[in-house]
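Take a look at the charged side chains in this protein. The notes below go through some of their pairings.

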Amino acid sequence: MKFNYRKLACLVAAGALSTAAMAETPIIGLITKTNTNPFFVKMKEGAQEKAAELGVELRTFAGRYDGDNETQVQAIENLIASGAKGILITPSDTAGIVPTIEKAREAGLLVIALDTPLSPASAADMTFATDNFKAGEMIGMWAKAKMGDKADDAKIALLDLSTSQITVDVARNQGFLKGFGIDLNDPNQMGDETDSRIVGNDVTQGSEEGGRRAMENLLQKDPGVNLVYTINEPAAAGAYEALKSFGMEKDVLIVSVDGGCPGVRNIQDGVIGATSMQFPLKMASEGVSAIVEFAKSGTRPSASSGLDFYDTGVQLITDEPASGVNSVTSKTGLSMCWG
C-alpha cells in the first residue's frame with residue numbers, strides 16, 4: 001500500500017494550526033463568593049455573554065459558601081497553571097486571598113476585584129465596583145427631600161451589616177448620612193456621629209431576619225423612629241415586617257441599596273421608598289473586556305476620575321420622585337434589576 005505523505009503533512013499542519021489557535025485564545029477566570037447569591041449569578045451571566053462576544057474562554061469558579069477562601073485559592077492556582085491572562089474575583093477573605101493574588105500577578109495575570117476591594121485594595125490591578133458612598137448619598141438626599149421640613153425632626157434608625165466596619169458597610173452608611181445632611185465625624189467610621197436625630201445603629205448581617213431583629217431593638221430604644229436606612233433590601237424587608245407588627249408601616253420611610261428584583265418589587269409595593277441599584281452584570285462584562293484588552297495590548301484599566309477604583313454606576317429607583325434627585329421608576333428598574 002502506498003503511503004500518502006502529502007496527506008499526512010496536511011493533517012500535521014492542520015493540527016498545528018488548531019493547537020496554535022487554541023493557544024492564542026485567552027483564558028479568563030471568574031471567581032465568585034458563591035454560585036447561589038443572585039448578585040453573583042447575574043455577574044456570571046454578564047461575564048459569559050461578554051466572553052462569548054469577544055471569543056475568549058471563560059472558566060468560572062465559586063466558593064462553597066460565603067467566606068470560603070480555600071476554594072478561591074485553589075481556583076487561582078488552577079488559573080495560573082492554565083496560563084490564564086486574567087482573573088475577576090469577588091474575594092471572600094479580602095486579606096487572606098492576597099498572597100495568592102500576588103502569585104497570580106507575579107505570573108503575569110491581570111487581577112480585577114469585582115464589587116469587593118481587596119485589603120489592601122492595591123493588591124489587585126484594579127477594582128470594578130459600585131460607588132457605595134454615592135449609592136448611600138443618593139438615598140440620603142432622596143429621604144431628605146421627601147421629608148421636607150420634617151427632616152429637621154427625623155428619628156433615624158441605621159441598620160448596618162456588622163460591627164466589623166467593612167468598607168462597603170461604612171461607605172453606604174456614611175454616604176446616606178451625608179446625603180441627609182448629617183455631619184460626619186470620621187467618614188471611615190460608623191457610629192461616631194453626634195447628631196441627635198440618630199436613634200442608633202444595629203446590625204443585620206444583611207438578612208431579612210437580621211433586619212427584623214435590628215428594627216425591633218431600635219424601636220425599643222425609641223418608638224418614634226420615622227426613617228430607616230438599611231444596608232440592603234433583605235434587611236429592609238425585615239425592618240418593614242417589624243414595623244408592620246407594630247402597625248407603623250405607613251408612618252416610617254425605608255431606604256436601601258442593591259437593586260435586586262425583589263427589592264425593586266418592594267418599591268412597587270410600598271415596602272421601600274427608594275433604593276440605589278448596582279449593576280453586577282456590568283461589573284463582570286467590563287472586567288472581561290479589560291482583560292481582553294490587556295491580553296492584546298498590555299494596557300491596564302484605569303480608575304474613574306476622582307476615585308481609586310473603576311465605577312460601574314448606580315441608579316436611584318423610586319416611584320415617588322423628589323425634586324433635585326435624579327431617579328427612575330420601579331417599572332424601569334424591573335427592566336434592569338438582577339435576581
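Which residue forms a salt bridge with Glu208? The partner is Arg212, and the closest N and O atoms are 3.8 Å apart. This is a predicted model.

## A pair in helix α7

Glu208 and Arg212 both belong to helix α7, which covers residues 208-221. They are 4 residues apart, so about one helical turn separates them. Glu208 is partly exposed, at 38% relative accessibility. Arg212 is also partly exposed, at 24%.

Elsewhere, salt bridges with shared partners link three residues into one network. Its members are Arg105, Asp125 and Arg300.

## A pair in helix α2

Glu53 pairs with Lys50 in a salt bridge. Here the closest N and O atoms lie 3.3 Å apart. Both residues sit in helix α2, residues 38-54. Their spacing is 3 residues, which means a separation of about one helical turn.

Lys50 counts as buried, because its relative accessibility is 15% and the cut-off for buried is under 20%.

## A link across the sequence

Glu320 and Lys146 also form a salt bridge, with an N to O distance of 2.4 Å. Which parts of the chain does this pair tie together? Glu320 lies in the loop between β12 (315-318) and α11 (330-334). Lys146 is in helix α5, residues 132-147. The pair therefore connects parts that are 174 residues apart in sequence.

Glu320 is partly exposed, with a relative accessible area of 35%. Lys146 is partly exposed too, at 38%.

## The wider chain

How many salt bridges does a search of the whole structure find? The total is 13. Those described above are among them: Glu208 with Arg212, Glu53 with Lys50, and Glu320 with Lys146.

An unreviewed UniProt entry carries the annotation "domain: Periplasmic binding protein" for residues 28-296. Over that range the chain is 45% helix and 18% strand. The end C-alpha atoms of the range are 13 Å apart.

Methods:
Residues numbered from 1 in each chain as written. Predicted model: local features only at pLDDT ≥ 70, side-chain atom pairs only at ≥ 80, totals over all residues. Heavy atoms only, no water. UniProt positions renumbered as here; feature names shortened; annotations may be inferred. Helix = DSSP H or I, 4+ residues; strand = E, 2+ residues; numbered from the N terminus. Salt bridge = Lys/Arg side-chain N within 4 Å of Asp/Glu carboxyl O. Buried < 20%, exposed > 50% of the residue type's maximum accessible area, 1.4 Å probe, protein only.
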